[in-house]
Amino acid sequence: MANSRSAKPNSRTAPSETVHKIKITLRDSRPPIWRRLEVPSGITLRELHDVIQAAFGWEDYHMWAFETGRDRYGVADRDLGIRSAISKRLSQVAPRASDRLRYTYDFGDHWEHDILIEDVTTPEAGTAYPRCLTGRRACPPEDCGGVWGYDYLIEILADPHHEEHEDRLEWLGLDSADQFDPAAFDAAQVNSALSALAAVLVKN
């Protein structure tokens, strides 16, 4: 179980010596699709992007950005008003519990994720971060038209008589609709995906 001791808001502790517990919810998803993660407080927003992609099962095909108040961070783009996320750290833009930021993936389908900082704690000895604590529901497939398009996709898959049913199965590469379960979530599978990004902060 995660250490429940919160870091002091004005602590001078190095960012790598604290951990942010965050809840990431796909905005407007009903029922909600979310992941609860613990990540090093000193993680850059570029690295956090990689963590979110792995935790949700996105394929990193599209543009993305974090919004923190008036600022946007991602792959630097002056025309879009996006600053580089490479050196901006989570602990800088959301240092305390209850802070929030937004992450948007795919500017076409516009998958918006609300990120809530639930706690800032000390890391457990011998534990690798980032890690997934829990979550709910499967991530939507890429390029299915955003939240509303995903709802329509689920409706089509649930109706074998729908005129688009076979086309959508083929598009998803499925033999039958039973092979896609929108309610599925496996924390062990998520942590396996995160393992390539994880590191132990405090040795035993």
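**The second largest pocket and its surroundings**

Author: The helices α1 (45–56) and α5 (187–194) each supply at least two residues of the lining of the second largest pocket. Helices here are DSSP runs of H or I with at least four residues, strands are runs of E with at least two, and both are numbered from the N terminus. The model is a predicted one, in which local features need pLDDT of at least 70 and side-chain atom pairs count only at pLDDT 80 or more, while totals for chains, interfaces and linings use all residues. Residues are numbered from 1 along each chain as its sequence is written, and side-chain values use heavy atoms, with hydrogens and water left out.

The space in this pocket is about 260 Å³, a volume being what is filled by probe spheres set on the grid points, which are joined across faces, edges and corners. Its lining has 14 residues, and Arg35, Phe56, Ala138, Cys139 and Gln189 are the closest to the centre. By type, nine lining residues are nonpolar, two polar and three charged. Ala, Val, Leu, Ile, Met, Phe, Trp, Tyr, Cys and Pro count as nonpolar, Asp, Glu, Lys and Arg as charged, and the others, Gly among them, as polar.

The largest nonpolar core has 40 residues, and Leu37, Leu48, Phe66, Leu90 and Leu101 have the most contacts inside it. The largest share of this core, six residues, belongs to α1. Such a core is a set of buried Ala, Val, Leu, Ile, Met, Phe, Trp, Tyr and Cys residues joined through side-chain atoms within 4.5 Å. Leu90 is in contact (heavy atoms within 4.5 Å) with residues that include Val39, Leu45, Leu48, Leu101 and Ile117, leaving aside those up to four places away in sequence.

Arg46 forms a salt bridge with Asp50, with 2.7 Å between the closest N and O atoms; the term requires a side-chain nitrogen of Lys or Arg within 4 Å of a carboxyl oxygen of Asp or Glu. Arg46 is partly exposed at 31% relative accessibility, and Asp50 is partly exposed at 27%. Buried means under 20% relative accessible area, exposed over 50%, and partly exposed in between, with a 1.4 Å probe and protein chains only.

Asp60 is not a glycine, yet its phi is positive, near 60°. At 36% relative accessibility, Asp60 is partly exposed.

Nine salt bridges are found in the whole structure. In one of them, Arg102 meets Asp114 at 3.4 Å, N to O. This pair links distant parts of the chain, Arg102 being in strand β6 and Asp114 in strand β7, twelve residues apart. Salt bridges with shared partners join Arg27, Arg102, Glu112 and Asp114 into one network.

Methods:
On a 1 Å grid over the protein atoms alone, a cavity is a set of points where a 1.4 Å probe fits but cannot get out, and a pocket is an open set with protein on both sides within 12 Å along at least five of seven lines; lining residues have an atom within 4 Å of a point.
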